[in-house]
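Trainee: Can you walk me through this one? I'd like to start with the helix packing.

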Amino acid sequence: RLMHLQAALAAMRAAGLQVEKVSTFIETAPYGVTDQPAFLNGVCAVQTSLAPRALLALLLAIETQLGRVRTRHWGPRVIDLDLLLYGDLVLAEPGLIVPHPDLHNRLFVLQPLVEIAPDAVHPQLQLTMQELLEKIKRTG
C-alpha cells in the first residue's frame, strides 16, 4: 500500500504537479464496504495550472497506470485518488463535485488534511478543516 501511495506521488510530480505538502499516512478500517483489508490514507497539497476537470482526469489516469480496476463501488482497490478541494472553488458537474461531497464526514480524510492544512476553509460549510475534524469527533 505504501509503495502505491509513493508511486502516485511520483506520478503526480512527473506529470508536472508541484506536490507541496504530504501528510503522514494512516491505517484505517475500510469505509463503505467493510469486508476488505485496512486502508492506508493520506492527503497532499499540490499547485497546478490544470483546471479541475483536467486535474481529475490526471488523477484517474494515475490510478489506471498503477493498476486500479473499478469492479465494485467502495470495494478493494490498489489506489484511490480523490480531488478534495480546489482552493475555494465550489463546482457541481456530472462526474465532478468540488469540494468532495463527503469530505466533512470522513475522519480518515480530515485527520491527514488537518495535519497539512488545518486552517483551510470548506467553501460551502465555512468551517476550517480543524473545526470539521473536531465536529466529527464530537458527533461520531
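**Helix contacts, salt bridges and burial**

Mentor: A8, A11 and M12 in α1 meet L59, I62 and Q65 in α2, where contact means heavy atoms within 4.5 Å. Helices (H or I, at least four residues) and strands (E, at least two) are DSSP runs, numbered from the N terminus. This is a predicted model, in which local features need pLDDT of at least 70 and side-chain atom pairs count only at pLDDT 80 or more, while totals for chains, interfaces and linings use all residues. Residues are numbered from 1 along each chain as its sequence is written, and side-chain values use heavy atoms, with hydrogens and water left out.

Trainee: At what angle do the axes of α1 and α2 cross?

Mentor: Roughly 130°, with the axes of α1 (residues 2–14) and α2 (residues 52–65) coming within 10 Å. That makes α1 oblique to α2. Axes are lines fitted to C-alpha atoms, for helices over the stretch in contact, and angles run from 0 to 180 degrees between N-to-C directions. Angles under 35 degrees count as roughly parallel, over 145 as roughly antiparallel, 65 to 115 as roughly perpendicular and the rest as oblique.

Trainee: Switching to charges: how many salt bridges does the count come to?

Mentor: Three, taking a salt bridge as a side-chain nitrogen of Lys or Arg within 4 Å of a carboxyl oxygen of Asp or Glu. One of them joins the side chains of E27 and R1, at 2.5 Å from N to O. E27 lies in strand β2 (residues 26–28) and R1 in the segment before α1, so this pair ties together parts that are 26 residues apart in sequence.

Trainee: And what about R53 and E93?

Mentor: Their side chains meet in a salt bridge at 2.9 Å, N to O. R53 is in helix α2 and E93 in strand β5 (residues 91–93), so the pair links parts 40 residues apart in sequence.

Trainee: Which residue does R106 form a salt bridge with?

Mentor: D102, with the closest N and O atoms 3.2 Å apart. Both R106 and D102 are buried, whereas E27 is exposed at 52% relative accessible area. Buried means under 20% relative accessible area, exposed over 50%, and partly exposed in between (1.4 Å probe, protein chains only).

Trainee: New topic. Where is H122 found?

Mentor: H122 sits in the loop between α3 (107–116) and α4 (129–139). H122 is buried, at a relative accessible area of 2%. Not counting residues up to four places away in sequence, H122 touches P99, L103, H104, L127, M129 and L132.

Trainee: How many of the residues of α3 are buried?

Mentor: Seven of the ten, so α3 is largely enclosed by the rest of the structure. The buried ones are F108, V109, L110, P112, L113, V114 and I116.

Trainee: What covers the buried residues of α3?

Mentor: The cover includes β1 (18–22), β2, β3 (39–41), β4 (44–47) and α4. L133 lies in helix α4 and is buried at 6% relative accessible area. Leaving aside neighbours within four places in sequence, L133 is in contact with L107, L110, Q111 and V114.
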